[in-house]
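Please keep the structure open beside the text and find each residue as it is named.

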Amino acid sequence: MHTYGRFLATNARWLAGGFLLTFFSAFGQTFFIALSNGEIRRTFDLSHGDFGGIYMLATLLSALTLPFLGRLLDRYSIATVATGTMLLLAAAIVMFGLVWSLPTLVFAIYMLRLFGQGMMSQTALTATGRWFAANRGRAISITTIGFRVGEGCFPFLFVLAAGYFGWRGAWFAAAVLVLLALPLIVALVRVERDPQSEPVSRAQAEMRNWTRGEVLRDWRFYVISLGVFAPPFIGTTIFFHQVYLTEIKAWPLHLFASGFAVMSVTTIVFTLAAGWLVDRFSAVRLLPAFLLPLALSCFAIAWLTPEWSIFVFMGLLGVSFGFSGTIEGAMWPELYGTRHLGAIRSMVVAAMVLATAIGPGLTGLLIDAGIDLPVQFAVMGGYSLVAALAMWLVARKMREPVTVSAPV
């Protein structure tokens, strides 16, 4: 405990900077945008499938853009990229609050997803993965807690602000918060941390840095992707359709909202646990574990109806998110090095954004087609089990980095 406290104190500025970047990424995350789902559908007379399709289109466009922006992290300082990202995020938030037509709605969601979910997360996790080596698991776990704290705080604050200022006014208030946080975050990340300031193992010191092209030719990348992209797909689907889910389950909306707090607390606990486990055993060794609670969460949504089941599946979701966030953040530099981490992570984050795009759009269309949402979640639970089995079968072969010949 004393060693962990010293680690926090010594690296407070970088850990705080990463934490705040993920914390304020909330305004581009599905759970926050979905808080205005009902108002948007009523304003533009949209069905669940219509809005899901719009959301999918805008998110797909952001996923296609992200790999080009992500490479900026390999060329410019973290402070420079963070400044541009947060200014554009604030502009996107204002635009969403002013949205007056379907084209502006698509563009506003595109900007929110690109600079909120995409670049804010990308900047935080790329910086942390690059700055830390021997204690990368702990550092990533602290950075990713920002996601969970945002999920626990901002839904309540949004509902409170919307009660006083209306849903549009609540979005304007969010833009003000981002602009107020910008100087603090830039001051924290302005000084880059040297990862060699802490002792590293010989294997870490000799780690080869892969290019993005080499990663795309590595079979391990695609096996890992089977499981890594499941939590964003499933989590986004839950958050996007939360209002509809409470309607068909006859759950009070305020009780469902309180489930976010349970999920956030559970996620934080297991995020910190995962950080310690990653530093002790490596991220790759822990890969298959996070999909099992995710599968159980899906089955709970599909088959349970009592109100207490909200806290069951939210708690299981928190366990999965806690492990997956830390493992995913530490795994890519562990496997592929840090020199081209911005380009590699931009590709990974783009694929994860793609997963979050497909989730609401596909499930919304299936709802309109008469396929019950609980049935869909049962299928997602089955997929999670299959993906966990596949990752378990190949995990032993993924433990040690392999070398590939340079392209000729």
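1. I begin with helix 13 (residues 242-249), whose buried residues are Gln242, Tyr244, Leu245, Thr246 and Lys249. Here buried means under 20% relative accessible area, exposed means over 50%, and partly exposed is in between, with a 1.4 Å probe and protein chains only. Helices are DSSP runs of H or I with at least four residues, numbered from the N terminus.

2. A word on the source is needed before going further. This is a predicted model, in which local features need pLDDT of at least 70 and side-chain atom pairs count only at pLDDT 80 or more, while totals for chains, interfaces and linings use all residues. Residues are numbered from 1 along each chain as its sequence is written, and side-chain values use heavy atoms, with hydrogens and water left out.

3. Helix 13 is followed by Ala250, which is found in the loop between helix 13 and helix 14 (253-281). The phi of Ala250 is near 60 degrees, a positive value in a residue other than glycine. Most residues other than glycine have a negative phi, which is the reason for pointing this residue out. Ala250 counts as exposed because its relative accessibility is 61%.

4. Asp45 has its place in the loop between helix 4 (37-44) and helix 5 (48-70), and with a relative accessibility of 68% it counts as exposed.

5. How is the protein chain divided? There are two parts to consider, domain 1 (10-190) and domain 2 (210-399), with bounds that come from an automatic or database domain assignment. The C-alpha centres of domain 1 and domain 2 lie 19 Å apart, and 46 residues of domain 1 are in contact with 46 residues of domain 2, where contact means heavy atoms within 4.5 Å.

6. The largest nonpolar core has 131 residues, and among these Phe24, Phe96 and Leu105 touch the most other members. A nonpolar core is a set of buried Ala, Val, Leu, Ile, Met, Phe, Trp, Tyr and Cys residues joined through side-chain atoms within 4.5 Å. Helix 8 gives the most to this core, with 18 residues. Because domain 1 (10-190) and domain 2 (210-399) both give residues to this core, it lies between them.

7. Phe24 can be followed in more detail. Leaving aside neighbours within four places in sequence, Phe24 is in contact with Leu89, Met120, Phe154, Leu177, Val178, Ala181 and Ile185. Ala181 touches Phe24 and Met86 when residues up to four places away in sequence are not counted. The C-alpha atoms of Ala181 and Leu20 are separated by 8.2 Å, although these residues are 161 residues apart along the chain.

8. Next come the aromatic rings. Rings of Phe, Tyr and Trp (its six-membered ring) pair if their centres lie within 6.5 Å, and planes under 30 degrees apart count as stacked, over 60 as edge-to-face and the rest as tilted. By this rule the count comes to 26 aromatic pairs. Phe24 and Phe27 form a tilted pair, at 6.3 Å centre to centre with 45 degrees between the planes, and both of these residues are buried. Trp251 and Phe256 form a stacked pair, at 6.4 Å centre to centre with 20 degrees between the planes, and Trp251 and Phe256 are buried too.

9. Two threonines can be read side by side. Thr143 is found in helix 8 (residues 136-189) and counts as buried, at 0% relative accessibility; its contacts, leaving aside neighbours within four places in sequence, include Gly18, Phe19 and Leu125. Thr237 lies in helix 12 (residues 230-240) and counts as buried at 0% relative accessibility. A polar atom of the side chain of Thr237 lies 2.8 Å from the backbone oxygen of Phe233.

10. Is Phe107 buried, partly exposed or exposed? Phe107, in helix 7 (residues 102-131), is partly exposed, with a relative accessible area of 39%.

Key. A polar contact is a pair of N or O atoms within 3.5 Å; within protein, one must be able to donate a hydrogen and the other to accept it, and residues adjacent in sequence count only if both atoms are side-chain atoms.
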